[in-house]
Amino acid sequence: MAEDKLTFCRICEPLCGMVATVEDDRLVRLRPDRDHPLSKGFACPKGIAFAEVHNDPDRVLHPLKRRPDGGFEQVSWESAMADIVGRLRRIHGEHGASGIGWYFGNPSAFSYSHTLWVAGFMQALRSPHVFSAGSQDVNNRFVASRLLYGSSIVAPVPDLGRTELLVVVGANPLVSHGSVMTAPRIKEELHGIVDRGGRVVVVDPRRTETARGFEWLPVTPDGDAFLLLSLLHVLFEEGLADERRIDRQATGAARLRALARPFAPEATADRSGVPADRVRALARDLARTERAALYGRTGTCLGRAGTLTTFLLDAVNLVAGNLDREGGSMFGTLGMPGERLGGQLLNRLIDRGDRRRSRIGGLPSVLGTEPATIMAKEITTPGAGQIRALLVSSGNPVLSVPNGDELEAALGELDLMVSIDLYVNETNAHADYVLPATTMYERDDFPLAFQTLHLTPFRQATEAVVPPAGEARQEWEVIDELMRGLWRASLPLTVAELGRRALGLVGRRVAPRLAIDALVRLSEGGDRFGLRRGGLTLRRLLEDHPHGTVVAPGLRAGVLGQVVLHRGGRVRLDPPQIADEVARLDERRDDDRFPLRLIGMRELRSENSWMHNAPLLVRGGRTQAARLHPEDAAAIGVADGQPVRISTVHGAIELPALITEDIKVGVVAVPHGWGHKGTGGWRTANGAGAAAPDGGGTPGGVNVNRLMSTDPADVEPLAGMAHLTAVPVRVEAVVARQREPAAALAGD
Ligand SMILES: Nc1nc2c(c(=O)[nH]1)N[C@H]1C(S)=C(S)[C@@H](COP(=O)(O)OP(=O)(O)OC[C@H]3O[C@@H](n4cnc5c(=O)[nH]c(N)nc54)[C@H](O)[C@@H]3O)O[C@H]1N2
Ligand SMILES: Nc1nc2c(c(=O)[nH]1)N[C@H]1C(S)=C(S)[C@@H](COP(=O)(O)OP(=O)(O)OC[C@H]3O[C@@H](n4cnc5c(=O)[nH]c(N)nc54)[C@H](O)[C@@H]3O)O[C@H]1N2
Ligand code: SF4
Ligand SMILES: [Mo]
């Protein structure tokens with residue numbers, strides 16, 4: 001019998017409400033939840049197509065073990081776990097904790113139990129080698145926040161519902177649906193700004209889907225720091241800075257002003273690609289519009305100076321008088337008693353881990369994770385601290401981190417590799433074990449990581465809507481078993497384990513949902529453990545509010561004193577690290593061999609590397625193509641649909657050109673997440689993405705990250721961010737002779 005169950009999507013950050021139709025414990029259909037207070041019946045194609053992922057015949061449903069001939073065979077959980085624990089013990093004995101590494105990918109952020117248990121495990125093990133998708137995504141945000149606010153975990157969000165001027169820098173919310181902010185129906189939110197008589201300006205090298213709907217301000221890739229310094233220059237020098245608010249909210253403004261002084265718009269136009277008069281006009285608008293906000297995302301994170309750029313975005317908001325103000329850039333809080341103290345303790349813990357420098361390259365850690373760019377070298381470089389065993393959960397770093405070829409080769413050198421995933425992908429194709437994970441609809445959940453990023457404070461939790469398929473298990477259960485196996489084998493006791501013993505919890509599972517119940521009860525709308533009658537508990541949230549519940553009508557202004565942990569609750573505008581980064585801008589040199597700039601882009605029907613196996617998402621013929629301006633195409637003599645070769649010193653890829661006026665001259669845009677070359681077990685993805693008119697595409701697409709550098713000198717120094725946008729490249733037409741291998745693969 002069919003039954004509808006209420007839940008929510010956890011592929012990307014809007015967390016849209018979903019109705020799952022379940023028949024005999026099988027998920028048969030997903031549709032948007034019309035009664036969800038925020039998403040109100042919206043879901044994107046990926047959210048709907050997830051039913052195909054869930055029921056994918058290529059999904060891994062049993063533990064797989066590598067056979068000597070390289071293939072996989074099905075084994076029992078018992079034998080897999082016993083072998084893994086035994087080998088980890090041996091490696092730990094011979095090489096110490098730092099012989100063991102863990103990479104956890106993007107989907108882990110959407111599972112509270114997964115995140116908490118990986119962190120707990122690696123903390124207990126005390127290995128420095130924890131890696132995540134963060135160093136390819138957002139770690140610069142955490143470091144900029146640490147400098148500005150004294151807290152790594154504070155991030156402002158643009159108050160879309162009340163702003164009159166939104167400046168989007170390096171984000172494409174009409175496709176990505178918004179990131180580092182949770183705002184379902186974001187397209188409507190943006191149109192709402194214009195309907196109220198306001199404006200949306202999109203600063204991007206490409207006239208994106210978002211830019212096309214609003215005002216496009218083209219920028220040179222990686223020119224943002226120059227543009228932002230010039231905005232500050234104009235705000236200060238034209239007397240537009242909101243001095244009263246600055247005095248109240250911040251320290252170090254005089255130094256920031258001095259830092260921005262040499263960056264008059266006339267002096268930076270060359271570097272930012274934005275004409276001086278437009279910069280001056282924008283600065284004036286930001287200062288004079290009552291409610292204005294600047295918002296930046298991956299386009300501002302993945303260049304050479306992501307921490308600086310993110311720092312400057314917030315600084316412009318503050319100096320123009322738009323920080324911590326309705327309609328401006330605002331801070332979400334949990335509304336918990338003692339939240340500031342809790343933040344202080346948490347940050348102290350984070351800081352302790354983050355003071356470490358990596359063995360290779362001496363790079364910083366962020367939230368306890370090292371830059372994934374150096375993961376391959378940490379595996380291949382001999383000496384104390386060399387990684388011998390790697391665990392990968394919900395990640396596909398061969399396609400997502402710089403230089404996938406180097407990483408792939410490195411994986412072959414490991415003594416043990418274990419992955420927990422839904423699929424055999426291009427990364428865990430090299431594993432000794434692939435352990436089957438539950439999908440999001442087979443686990444209970446609460447979006448822990450996104451609680452303070454909601455533009456409308458909101459709580460929703462879900463139970464699993466179906467039992468695990470096959471022998472799939474939740475990540476935390478696997479990790480729990482690993483931990484118990486290792487400690488039973490009497491690894492040195494850690495503080496965490498001593499705590500467990502003291503609490504009499506030895507041999508007992510502490511379910512992660514206990515922690516979530518406490519958070520729901522203590523935060524806004526919660527029952528405060530009985531002090532507030534009728535308030536939320538996790539159980540009430542699940543039973544009485546299956547569509548979720550809004551806990552406050554909007555974000556509150558005037559919370560800066562609470563969220564900022566620097567002395568006096570004031571934002572710090574003059575950290576020396578930022579002055580150093582500004583000085584470093586001068587060191588940028590062009591290389592005539594690589595005259596174009598490569599940028600990334602996301603596609604509506606992809607989610608990084610992992611949804612190309614869903615027939616609904618790849619139907620109709622999709623081509624992974626390189627967007628190129630007609631002038632650049634003419635210069636190399638390539639016509640629309642014909643193949644181009646893009647190269648750097650690190651590698652080369654070939655894919656069809658898509659010639660378009662919607663990109664700045666000198667810029668080429670290529671989507672990431674492709675490059676399914678048949679090593680992974682996803683049969684549809686391996687053939688997708690090649691539908692160019694003349695067959696110039698490669699089935700499975702190509703991995704753009706083959707072009708990227710893993711030289712520690714190319715890693716952003718403050719946050720260890722990978723350099724993935726504004727990458728200098730050469731683009732050439734592919735002559736027929738050169739492209740035989742691709743053509744052969746395409747079968748023509
Ligand atoms: N459909 C879909 N949605 C997704 C994802 C997906 O793969 N597909 N991925 C999810 C994930 S993991 C994330 S992190 C978010 C990301 O969310 P967004 O950051 O909003 O997504 P992008 O489309 O990568 O937008 C980055 C924009 O920056 C521009 N850009 C590139 N270089 C520069 C530069 O130097 N300066 C400026 N100003 N702009 C630049 C690009 O042209 C692009 O438009 O999206 C999430 N949502
Ligand atoms: N050039 C370039 N590279 C980029 C980016 C870019 O903009 N340009 N963006 C970067 C960004 S923002 C990100 S977030 C990274 C993503 O990088 P990764 O996280 O390394 O890769 P994904 O492609 O997201 O792969 C996720 C894996 O998790 C599996 N999975 C999905 N759901 C679950 C689950 O519930 N449990 C488990 N155990 N597994 C699951 C999928 O099958 C897939 O194998 O890519 C980064 N790489
Ligand atoms: S935008 Fe799409 S993928 Fe993202 S949460 Fe909503 S339905 Fe899921
Ligand atoms: Mo991401």
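## Surroundings of ligand 1

Domain 2 (140–333 + 559–582) and domain 3 (589–744) each contribute at least three residues to the shell around ligand 1. The model is a predicted one. In it, 30 residues surround ligand 1, and the closest are Asp204, Asp222, Asp224, Thr298 and Ser606. At least two residues of this shell come from each of helix 5 (173–176), helix 13 (298–301) and strand 21 (596–601). By class, the shell around ligand 1 consists of nine nonpolar, 12 polar and nine charged residues.

In the side chain of Thr298, an N or O atom is 2.6 Å from an oxygen atom of ligand 1. Arg602 has a polar side-chain atom 2.8 Å from an oxygen atom of ligand 1. On its own, ligand 1 has 920 Å² of accessible area, of which the protein covers 97%.

## Surroundings of ligand 2

Ligand 2 is surrounded by 30 residues, the closest being Tyr103, Asn106, Asp421, Glu475 and Ser609. Helix 17 (397–400) and strand 16 (416–421) are elements that each supply at least two residues of this shell. The shell around ligand 2 has 12 nonpolar residues, 13 polar residues and five charged residues.

An oxygen atom of ligand 2 has a polar side-chain atom of Arg443 at 3.0 Å. Arg602, already named for its contact with ligand 1, also has a polar side-chain atom 3.1 Å from a nitrogen atom of ligand 2. In the side chain of His672, an N or O atom is 3.5 Å from a nitrogen atom of ligand 2. Taken alone, ligand 2 exposes 920 Å², and the protein buries 97% of that area.

Strand 25 covers residues 667–671, and because five of its five residues are buried, the strand is largely enclosed by the rest of the structure. Val667, Ala669 and Pro671 point one way from strand 25, while Val668 and Val670 point the other way, and all are buried. In a regular strand, side chains alternate between the two faces of the sheet.

Strand 21, which also supplies at least two residues of the shell around ligand 1, runs parallel to strand 25 and is joined to it by five bridges. Within this pair, Gly600 stands opposite Val670 of strand 25. Strand 22 (residues 626–628) pairs with strand 25 in the antiparallel sense, over two bridges. Here Leu628 stands opposite Val668 of strand 25.

## Thr369 in a loop

Thr369 is located in the loop between helix 15 (339–354) and helix 16 (375–380). Its relative accessibility is 6%, and Thr369 therefore counts as buried, the cut-off for that class being under 20%. A polar atom of the Thr369 side chain lies 2.7 Å from the backbone oxygen of Val366.

Definitions and conventions
Residues are numbered from 1 along each chain as its sequence is written. Chains are lettered from A and ligands numbered from 1 in the order in which they are written. This is a predicted model: local features need pLDDT of at least 70, side-chain atom pairs count only at pLDDT 80 or more; totals for chains, interfaces and linings use all residues. Side-chain values use heavy atoms; hydrogens and water are left out. A residue is near a molecule or strand if one of its heavy atoms lies within 4 Å of it. A polar contact is a pair of N or O atoms within 3.5 Å; within protein, one must be able to donate a hydrogen and the other to accept it, and residues adjacent in sequence count only if both atoms are side-chain atoms. Accessible areas come from the Shrake-Rupley method with a 1.4 Å probe; for residues, only the protein chains shown count as cover. Helices (H or I, at least four residues) and strands (E, at least two) are DSSP runs, numbered from the N terminus. Ala, Val, Leu, Ile, Met, Phe, Trp, Tyr, Cys and Pro count as nonpolar, Asp, Glu, Lys and Arg as charged, and the others, Gly among them, as polar. Domain bounds come from an automatic or database domain assignment. Buried means under 20% relative accessible area, exposed over 50%, partly exposed in between (1.4 Å probe, protein chains only). Two strands pair if DSSP finds at least two bridges between them.
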